[in-house]
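Here is a brief report on a structural model.

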2 protein chains.
Amino acid sequence: MERVFRHFQEELDQLKERLLAMGGLAEERVRKSVRGLIDRDTAALDAVLSGDVPINDLHIEVDDRCVKLLALHQPMAADLRVIVAAVKINTDLERVGDLAVNIAEAGKRYLPHPPVKPLIDIPRMGELAQTMLRDALDAFVRRDMLLAQAVLAADDTLDALKTQIFRELLTCMIQSPGTIEPALDLILISRHLERIGDHATNVAEDVIFILSAKDVRHPQADSPRSNEP
Amino acid sequence: MERVFRHFQEELDQLKERLLAMGGLAEERVRKSVRGLIDRDTAALDAVLSGDVPINDLHIEVDDRCVKLLALHQPMAADLRVIVAAVKINTDLERVGDLAVNIAEAGKRYLPHPPVKPLIDIPRMGELAQTMLRDALDAFVRRDMLLAQAVLAADDTLDALKTQIFRELLTCMIQSPGTIEPALDLILISRHLERIGDHATNVAEDVIFILSAKDVRHPQADSPRSNEP
């Protein structure tokens, strides 16, 4: 029994390690897509567009690991919640990888146009979204409640940046209709970054749920978290 | 043992019934948000904005049911995959509810402006997204492979509609800069509807995975499914 238990803990640690690896890949893809936009580097954007195989492979592997852990070890209570959370986190990280692709696609449409402005706060949104993602995964692995709560707080900042970017770009479009196309792509990119922050928030909420057995996902039943400006 | 097994099947059936109820609520909220936009009915949009309590309650309930089923019955093989899929489907349905809120918010910003056009294909996108959602859940409950595959095919139609709407509205904005603000909200609404279709697609992919033990989620490793125009 002791040996089976040790084996389970090893596999659970491996699962966390694979999720961290996946998080690292997702973050790197977000970083590269935003850098490609800032540096006007089409090759970097192309690398994001063609480079989703490793993260997709990990997505399938992590799902399999979760199902096998549940089937072979029939974990109880706290461990069970960790594995159920891992299933969800896996989905969130895969979507982050997809959003990096969306950013790269919008970036490739944007680059042939003259720059709208010095990209306003999009680089800052990119940094913040990456930090949130990293912190949420660290909180999961280290079981760090405070760090998970910091991610939730950061999401408000990210939303505020998105709203501000939306207003500035709308003004741009109305004042200089020649900027409509590229400004629209910047608005879409800011939305993708906001959604990356939402996925980091989901992960942080799962961590808080594991640690406190308290569900923070619908704190104010009558005011849903919005992703609109 | 026989009795425990029957009890498990009953609870599994209840879980599916609750997921269907949640799907019904999510679909109704999407329907109401799109109808509110088409009929210029602010009260309907307000009802969507204030009515997310039941779906959020179900979200928590379904998660709890999944964890309890895993903990108490330690299901194996096929049943285990159904429950893991239920965890994911639950997340997808809750997000669909959030997207209905986003549509209602954009609708409320849109309505005070003069209509851009007769809303182009947005009503059709709304119908299609709702059908996809209903079919995906029916496929889950009835274990219907063909229906699940039909949902994947419908997603291509939805993406094509979104791309066409984007082009038409971009032309509108460039030709009549007075339409920039409302046209932008219609573009965002079409994105929200497309994401609802993506969630229905996720559900359909989970169904195919359960039925065939084959992973269809990353069929072409070098051409990720895109949600960009």
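This is a predicted model: local features need pLDDT of at least 70, side-chain atom pairs count only at pLDDT 80 or more; totals for chains, interfaces and linings use all residues.

Residues are numbered from 1 along each chain as its sequence is written, while chains are lettered from A and ligands numbered from 1 in the order in which they are written.

**Chain A**

Chain A has seven helices and zero strands. Helices (H or I, at least four residues) and strands (E, at least two) are DSSP runs, numbered from the N terminus. Of the 229 residues in chain A, 49% are buried. Buried means that 20 or more other C-beta atoms lie within 10 Å of the residue's own, with C-beta atoms placed from the backbone; exposed means 12 or fewer, and partly exposed is in between. Contacts join residues whose C-beta atoms, placed from the backbone, lie within 7 Å. Among chain A contacts with a separation of 6 or more, 80% link residues 24 or more positions apart.

**Helices of chain B**

Helix H2 of chain B spans residues 42-50, and its buried residues are Ala44(B), Leu45(B), Val48(B) and Leu49(B). They line one face of the helix, because they fall within an arc of 145° seen down the axis of H2(B). The arc is that of the directions from the helix axis to the C-beta atoms.

The axes of H3(B) (residues 53-73) and H4(B) (residues 77-110) come within 10 Å and cross at roughly 170°. That makes H3(B) roughly antiparallel to H4(B); the label applies to angles over 145 degrees, with under 35 roughly parallel, 65 to 115 roughly perpendicular and the rest oblique. Axes are lines fitted to C-alpha atoms, for helices over the stretch in contact, and angles run from 0 to 180 degrees between N-to-C directions. The table lists the residues in contact.

| Helix | Contact residues |
|---|---|
| H3(B) | Ile55(B), His59(B), Val62(B), Asp63(B), Cys66(B), Leu69(B), Leu70(B) |
| H4(B) | Ile83(B), Ala86(B), Val87(B), Asn90(B), Glu94(B), Gly97(B) |

Ala85(B) also lies in H4 of chain B. Ala85(B) counts as buried because it has 21 C-beta neighbours inside 10 Å. Ala85(B) and Ile210(B) are 125 residues apart in sequence, yet 7.8 Å apart in space, C-alpha to C-alpha. Neighbours within four places aside, Ala85(B) contacts Asp206(B) and Ile210(B).

**Core**

The largest nonpolar core holds 138 residues. Ala86(A) touches Leu15(A), Leu19(A), Val62(A) and Cys66(A), leaving out residues up to four places away in sequence.

Key: A nonpolar core is a set of buried Ala, Val, Leu, Ile, Met, Phe, Trp, Tyr and Cys residues joined through C-beta atoms within 7 Å. Two residues are in contact if their C-beta atoms, placed from the backbone, lie within 7 Å.
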